Amino acid sequence: MIFTQECVIPVERERLWDLLMDVPTVGRCVPGVEAIEAVDEGAYKGRLGVRIGPIRLSLDGTMAVEEQDRATWRARMRADANDRRLGGGIRARMTLTLTPAEAGTRLHLETDLTVLGKIGEFGQPIIKKKADTLLEEFTRNLGSALST
């Protein structure tokens with residue numbers, strides 16, 4: 001599944017970039033992140049708790065920043081996580097791009113998501129709706145983090 005999402009953050013591009021590239025700090029803005037820690041340069045491990053319908057997932061996994069190009073305002077990341085209780089997982093490849101917007105900076109996210117096992121039974125429309133809800137909350141949390 002490929003998801004394309006956009007939001008505008010009311011802050012200058014440089015400041016948003018710096019926050020987004022600070023993975024432990026930006027991780028606290030992601031709804032449901034319960035833990036995140038650096039493993040080595042550009043690699044992290046953590047846990048994400050998320051509810052999809054009546055099911056609560058607890059995804060343990062890794063995230064790696066594969067590319068950071070401040071000159072083009074583009075970064076690529078990879079995340080892999082599993083829920084041992086349900087026997088499923090996710091594999092995501094994400095590209096984020098920052099462009100100027102009238103009221104701040106436009107954050108463009110493209111995610112190539114593979115859902116494995118029982119989690120895949122939720123279906124694309126439900127997963128897309130949850131992804132959009134998470135992005136809305138993430139956007140609010142980013143705005144709060146940047147206003148302090």
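Isoleucine 90 has its place in strand 6, residues 88-101, where strands (E, at least two residues) and helices (H or I, at least four) are DSSP runs numbered from the N terminus. The structure is a predicted model, in which local features need pLDDT of at least 70 and side-chain atom pairs count only at pLDDT 80 or more, while totals for chains, interfaces and linings use all residues. Residues are numbered from 1 along each chain as its sequence is written, and side-chain values use heavy atoms, with hydrogens and water left out.

Leaving aside neighbours within four places in sequence, isoleucine 90 is in contact with Leu59, Ala79, Asp80, Ala81, Leu113 and Thr114, contact meaning heavy atoms within 4.5 Å. Between isoleucine 90 and glycine 117 there are 8.9 Å in space, C-alpha to C-alpha, although the two are 27 residues apart in sequence.

Seven strands form an open sheet in the order 1-7-6-5-4-3-2, with antiparallel pairing; two strands pair if DSSP finds at least two bridges between them. Strand 1 (2-9) and strand 2 (33-40) stand at the edges with a single partner strand each, so one side of each is left without a neighbour in the sheet. Strand 2 is joined to strand 3 (residues 43-52) by six bridges, and these two run antiparallel; aspartate 40 stands opposite alanine 43 in strand 3.

| Helix | Strands touched | Angle of directions |
|---|---|---|
| Helix 1 | strand 1, strand 4, strand 5, strand 6 and strand 7 (104-117) | about 160° with strand 6 |
| Helix 3 (residues 124-147) | strand 1, strand 3 and strand 7 | about 25° with strand 1 |

In helix 1 (residues 13-20), the buried residues are Leu16, Trp17, Leu19 and Leu20, where buried means under 20% relative accessible area, exposed over 50% and partly exposed in between (1.4 Å probe, protein chains only). They cover an arc of only 165° around the axis, which puts them on the same side of helix 1; the arc is that of the directions from the helix axis to the C-beta atoms.

A search of the whole structure finds one aromatic pair. Tryptophan 17 and tryptophan 73 form this pair, which is edge-to-face, with 5.8 Å centre to centre and 85° between the planes. Rings of Phe, Tyr and Trp (its six-membered ring) pair if their centres lie within 6.5 Å, and planes under 30 degrees apart count as stacked, over 60 as edge-to-face and the rest as tilted. The pair links distant parts of the chain, 56 residues apart, since tryptophan 17 is in helix 1 and tryptophan 73 in the loop between strand 4 (55-69) and strand 5 (74-83). Tryptophan 17 counts as buried at 3% relative accessibility, and tryptophan 73 is buried with a relative accessible area of 11%.

Notes. Axes are lines fitted to C-alpha atoms, for helices over the stretch in contact, and angles run from 0 to 180 degrees between N-to-C directions.
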